[in-house]
Amino acid sequence: MKIKLTSVYVDDQNKALRFYTEVLGFTKKADFSQGPFRWLTVTSPDEPDGTELQLALNNNPAAKAYQQAIFQQSQPGANFFTDDVKGEYERIKARGAEFTMPPTDVTGATIAMLNDTCGNLIQLTQLARHSR
């Protein structure tokens, strides 16, 4: 069994696509529409056939309520792992991202948090065993 897809709710798919590709550096994988429904995914350029992240429109009232509640509790809508959180912080910040937490040491990891401009906080995590 494998995880091939996970989702994050966004309030604007076009804005989300720009942020996740141009700011974070992911690659668009799938983008097609049927009527009002748009299936939109991105993936890591390091693993183009790896896990896809669906940028799902929060037009369902339950999805919107969940997204807003998680954001208000300062909980990440998604968590991405890296071997160099400080390097990613500098790269992404230079592309205009708003960080709500700079790289911070916590038990077993260094984490940073940023606003994806689409209704979510995104956490970047570098596990201690991956420290350079």
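Predicted model: local features only at pLDDT ≥ 70, side-chain atom pairs only at ≥ 80, totals over all residues.
The whole structure holds 5 salt bridges. One of them joins Asp-49 to Lys-29, with the closest N and O atoms 3.2 Å apart. Asp-49 sits in the loop between β3 (37–43) and β4 (52–57), whereas Lys-29 belongs to strand β2 (residues 27–34), so the pair ties together parts that are 20 residues apart in sequence. Asp-49 is exposed, at a relative accessible area of 61%. Lys-29 is partly exposed, at 37%. Shared partners also link salt bridges into one network, made up of Lys-28, Asp-31 and Arg-38. Within this group, the closest N and O atoms of Asp-31 and Lys-28 lie 3.6 Å apart. Asp-31 is partly exposed, with a relative accessible area of 33%. Lys-28 is likewise partly exposed, with 44%.

A further salt bridge pairs Lys-15 with Asp-11. Here the closest N and O atoms are 4.0 Å apart, and the cut-off for a salt bridge is 4 Å. Lys-15 is partly exposed, with a relative accessible area of 30%. Asp-11 is also partly exposed, with a value of 39%.

Helix α1 spans residues 13–23. At its start, a side-chain oxygen of Asp-12 comes to within 3.0 Å of the backbone nitrogen of Asn-14. The buried residues of α1 are Gln-13, Ala-16, Leu-17, Phe-19, Tyr-20 and Val-23. An α-helix has 3.6 residues a turn, so residues three or four places apart point the same way. The buried set includes Gln-13, Ala-16 and Tyr-20. Just after α1, Gly-25 adopts a positive phi of about 95 degrees.

Phe-19 and Tyr-20 are both buried. Tyr-89 and Phe-99 make another edge-to-face pair, with 4.6 Å from centre to centre and 65 degrees between the planes. Tyr-89 is part of helix α3 (residues 85–94) and Phe-99 is part of strand β6 (residues 98–106), so this pair ties together parts that are 10 residues apart in sequence. Tyr-89 is buried, with a relative accessible area of 13%. Phe-99 has a relative accessibility of 17% and therefore counts as buried, the limit being under 20%.

The largest pocket contains about 770 Å³ of space. Its lining comprises 25 residues. Phe-26, Ser-44, Phe-80, Phe-81 and Thr-82 lie nearest the pocket centre. Four elements, β3, β4, β5 (76–81) and α3, each give two or more residues to the lining. Strand β5 provides the largest share, with 4 residues. By residue class, the lining of the largest pocket divides into 10 nonpolar, 7 polar and 8 charged residues.

Definitions and conventions:
Residues numbered from 1 in each chain as written. Heavy atoms only, no water. Salt bridge = Lys/Arg side-chain N within 4 Å of Asp/Glu carboxyl O. Buried < 20%, exposed > 50% of the residue type's maximum accessible area, 1.4 Å probe, protein only. Polar contact = N/O pair within 3.5 Å; in protein donor to acceptor, adjacent residues only side chain to side chain. Phe/Tyr/Trp six-rings, centres within 6.5 Å; stacked < 30°, edge-to-face > 60°. 1 Å grid on protein atoms, 1.4 Å probe; cavity = no way out; pocket = protein on both sides within 12 Å on 5 of 7 lines; lining within 4 Å. Points joined across faces, edges and corners; volume = space filled by probe spheres on them. Nonpolar A, V, L, I, M, F, W, Y, C, P; charged D, E, K, R; others polar.
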